[in-house]
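Hello,

Here is the structure I promised to pass on to you. Please open it beside this message and follow along as you read.

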Amino acid sequence: MQLTNIVAILALTVAGAELLFRPHAGTSWDWQLQTPINPAVAVEVVDIDMFDNTAAVVADLHQRGKKVVCYIDVGSWESKRADSSQFPAAVLGAVYNGFPDERWLDIRQIDLLAPILTVRFDQAREKGCDGVEPDNMDGYDTTAHESSGFPLTYDDQIRFNRWVADQVHARGMAVGLKNDINQVNDLVADFDFHVSEQAFQYGEASLLMPFIQSDKPVFETEYELMVSQFCPQASQLNFSAILKHTQLDSYREACR
């Protein structure tokens, strides 16, 4: 291939990257993982389950002027998913606490997970998702939850999370870092937004500031606090904070 053609291809790749959905700090959002969703919610971004919603649902949200982030589990196995039988036994670890039908994955074995997860990312792109919320991105961190059943290290997690980000970006979609608060400094450059749970309840908001400082939104959710207990600080920090039911239905109270 001639050098001029290679340069042209690289230029197109870079230009395409500029077209990615890149939300700014303070972007309004809702998180609805139950179906059917309420498409009329007055926000800029709606985060929905990729498997449980059709391309028509995504298209309807687009027609209403909203961007769509699609939830995909990447760090744990869920028995309910249509592709669950494709996961080799070798990558299935400990049961996820509180979710008896989920098990942690051995994210070191990207070669075994890639054929399954890349199909999921392809499905998100084909449905029209603007971004992806990859869940369970902190399997290594036993300070946050039970052991995954595998001797995962900090570097194992960094490698896997960057692989996820690269795969989603390669398909023209934005990608969020889900929780994984102890790796924010190392990963903020790789991700376009953060999805956080109970950062104010557990005093973790300061750990997420690198996203705000990079003009990337922190999509934050509380479940147990009253809005008066977290909204003043959330608004001051420019977090996109909301109060939700734990089942993530259409109920929503926003700080602003």
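Predicted model: local features only at pLDDT ≥ 70, side-chain atom pairs only at ≥ 80, totals over all residues.

Residues are numbered from 1 along each chain as its sequence is written, and side-chain values use heavy atoms, with hydrogens and water left out.

Let's start with an open sheet of three strands, whose order is 4-6-5 and whose pairing is antiparallel. (Strands are DSSP runs of E with at least two residues, helices are runs of H or I with at least four, and both are numbered from the N terminus; two strands pair if DSSP finds at least two bridges between them.) Strand 4 (76-78) and strand 5 (92-96) are at the edges with a single partner strand each, so one side of each has no neighbour in the sheet. Strand 4 pairs with strand 6 (residues 99-105) through three bridges, and Ser76 sits opposite Trp104 of strand 6.

Next comes an open sheet of nine strands with mixed pairing, in the order 1-2-3-7-8-9-10-11-12. Here, strand 8 (residues 174-178) and strand 9 (residues 193-197) run parallel, joined by three bridges. Lys178 faces Val195 in strand 9.

Finally, look at helix 2 (residues 55-63), which lies across strand 2 (45-49) and strand 3 (67-73) and runs at about 175° to strand 2. Contact means heavy atoms within 4.5 Å; axes are lines fitted to C-alpha atoms, for helices over the stretch in contact, with angles from 0 to 180 degrees between N-to-C directions.

Happy exploring!
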